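Here is a friendly briefing to read alongside the coordinates. Take a look at the structure first, and then go through the points by topic.

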Amino acid sequence: MTAIALTHEETATSILPGRGGFFGRLSDMFWRRPKLLLFLMLTPPLLWLGIIYIGSLLALLLQSFFSIDDFSGLVNYEFTLATYAQLLSPTNFDIIVRTVLMAALVTLASAVVAFPIAYYAARYARGKWKALFYLGVMLPLWSSYLVKIYAWKLILAKEGILTWFFAKLHLVWLLDGVLSLPVIGGNSLSVSYIGTFLVFVYVWLPYMILPTQAALERVQGNLIEASSDLGATPGQTFRTVLFPLALPGIVAGSIFTFSLTLGDYIIPQIIGSSRLFIGQAVYAQQGTAGNVPLAAAFSVVPIVIMAVYLWLAKKQGAFDAL
Amino acid sequence: MRSDRGQRAPIALKIAAAGGLLFLHLPILLIFVYAFTTEEKSYQWPPPGLTLQWFGIAWNRPDVWAALGLSVQVACIATAIALVLGTLCAAAVSQTKFFGREAISLLVILPIALPGIITGIALRSAFSLFDIPFSVWTIVLGHATFCVVVVYNNAVARFRRTQGSLIEASMDLGADGFQTFRHVILPNIGTALLAGGMLAFALSFDEVIVTTFTGGQQSTLPIWMLEELIRPRQRPVTNVVAMVVVLVTFLPILAAYYLTRDGDQVAGAGK
């Protein structure tokens, strides 16, 4: 269209003289050399992220190949794999196993709790309800992380609402029974693994709902109808149609829940037993223990696990669901 | 017309979905009750009585105000930096094609994809390597790094919807690059940037993990809360602060939602 309009003008003016002024000339230069503009646009963010962020990450990785002198407590700047070998010592390896196990359980539980919410929001909620569901997931997602943990400290406290609730239902024996279980139990829910697990599920649940819902939005309703027309029970439809189609979304959500649980050190510190998770180990090693190489080696563990996880997720097609 | 319109949800699904949403919201509502309790020493439920006195006491606490001031200051600077860097990056990635485009998207997302503790400890060890003393600026440095991604996500989504022909038309009509940016591009991406900026602000305002590593003696509001959580000194004041934080963070989220709800991608979906 513009080309047609231009032919009516005098052709001589179609090539305009250069613009005057500093900004005019600058603008012309950018037009003639788009690469220069691109370069100028990319330089500040790349400098920031590339130097500050990636630089720091590499510095950290480098430190994991140093070791700490047992006698002086100073860092010995020689290349060694001894620090990584320390990760395999029983105490440290326990920490890794415990964290990965917790991350897996949290992921599984969030997937189970998230699915009905995501499915209802994707398939049945319309108009006002759709907005309500959206905000209903978004507000908890964005509300303060510490406030959420604090709320659970209130809930799980021995004198808190959950104990009161069990007492009202005359189920105190059940609560006490669960708390007296070895390993997962404890003095009260707020100092047990069950508490830690509940808070993890609560805090990361929205990250699972959103991608699952995104995947379910794309499942057409007539597929479900076709399945039931062909005689499948609801259970069969779920197993053979709905679940496989939702899986990429669930895997995408699990990236968040898994990674966030692996690296968190505040939740198990505030609600949980005194047994450490990876994040707490990193924090303790670099802080009070002053063993930065071991802290660095510990923080490589979640990076490696997540790299493997992401690679597997990519094969599942999870990134298309994000 | 979709064929599934008239269908009703199975009752079990309704219960499960409603239960899930309640699970997400009841704990936050509980904070609101605790802010009024007369009980000081424990987390007793039900509250023995209700009072408004803790609001006055919290109002007169200088440490709360200092922490709040620092949080706002850090969040403002970090958001400003993130807005500039995120927009530049989004413009470059969405308007042009070049080698390594995918790598740049990955680079932007990395600070939020990796656990916060890794970002934190990496920055801390870098600071100690170069003998940089902890200050407001070291906190800002950490925050801006992961705030870039939310601005970037919002801006990229909007750039994708903004048609390139608009920019060409502006150029054809004689506007130079800067005029085009001011009169065509900026009005188009304005609300997306506003939404991204608000989300970045909320993200920075709430951040605690990276801040524990990059902050020295100063405490932001989340750091103040964390200390109260580990060693409670005055529980009622913490209750009040927690409630105020919930209310304050809800506003930018609601605003960001209304600014971008007509778009194909709504703000905050990929925190």
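## Helix H7 of chain A

Helix H7 (residues 145-156) of chain A has 12 residues and spans 17 Å from its first C-alpha to its last, close to the 16 Å expected at 1.5 Å a residue. That expected span is 1.5 Å times one less than the number of residues, and helices here are DSSP runs (H or I, at least four residues) numbered from the N terminus. This is a predicted model, in which local features need pLDDT of at least 70 and side-chain atom pairs count only at pLDDT 80 or more, while totals for chains, interfaces and linings use all residues. Residues are numbered from 1 along each chain as its sequence is written, chains are lettered from A and ligands numbered from 1 in the order in which they are written, and side-chain values use heavy atoms, with hydrogens and water left out.

**Burial of the helix**
- In H7(A), 12 of the 12 residues are buried, so the helix is largely enclosed by the rest of the structure; buried means under 20% relative accessible area, exposed over 50%, and partly exposed in between (1.4 Å probe, protein chains only).
- Among these buried residues are Lys148(A), Trp152(A) and Lys153(A).

**Confidence**
- The predictor gives the complex an ipTM of 0.81 and a pTM of 0.83.
- Chain B averages a pLDDT (the predictor's confidence in each residue, from 0 to 100) of 82, and 94% of its residues score at least 70.
- Over residues 1-6 of chain B, pLDDT stays under 50.
- Where pLDDT is low, the predicted coordinates should not be read in detail.

**Domains of chain A**
- Chain A is divided into domain 1 (21-63) and domain 2 (87-315), with bounds from an automatic or database domain assignment.
- The centres of these two domains of chain A, taken over C-alpha atoms, are 38 Å apart.

**Aromatic rings**
- Over all chains there are 26 aromatic pairs, meaning rings of Phe, Tyr and Trp (its six-membered ring) with centres within 6.5 Å; planes under 30 degrees apart count as stacked, over 60 as edge-to-face and the rest as tilted.
- Tyr257(B) and Tyr258(B) make an edge-to-face pair because their ring centres are 5.2 Å apart and their planes at 70°.
- Tyr257(B) is buried at 12% relative accessibility, whereas Tyr258(B) is partly exposed at 46%.

**Cysteines**
- The structure holds zero disulfides over all chains, a disulfide being a pair of cysteine sulfur atoms within 2.5 Å.
- The sulfur of Cys76(B) has its closest cysteine sulfur in Cys147(B), 11 Å away and therefore too far for a bond.

Technical notes
Contact means heavy atoms within 4.5 Å. Helices (H or I, at least four residues) and strands (E, at least two) are DSSP runs, numbered from the N terminus.
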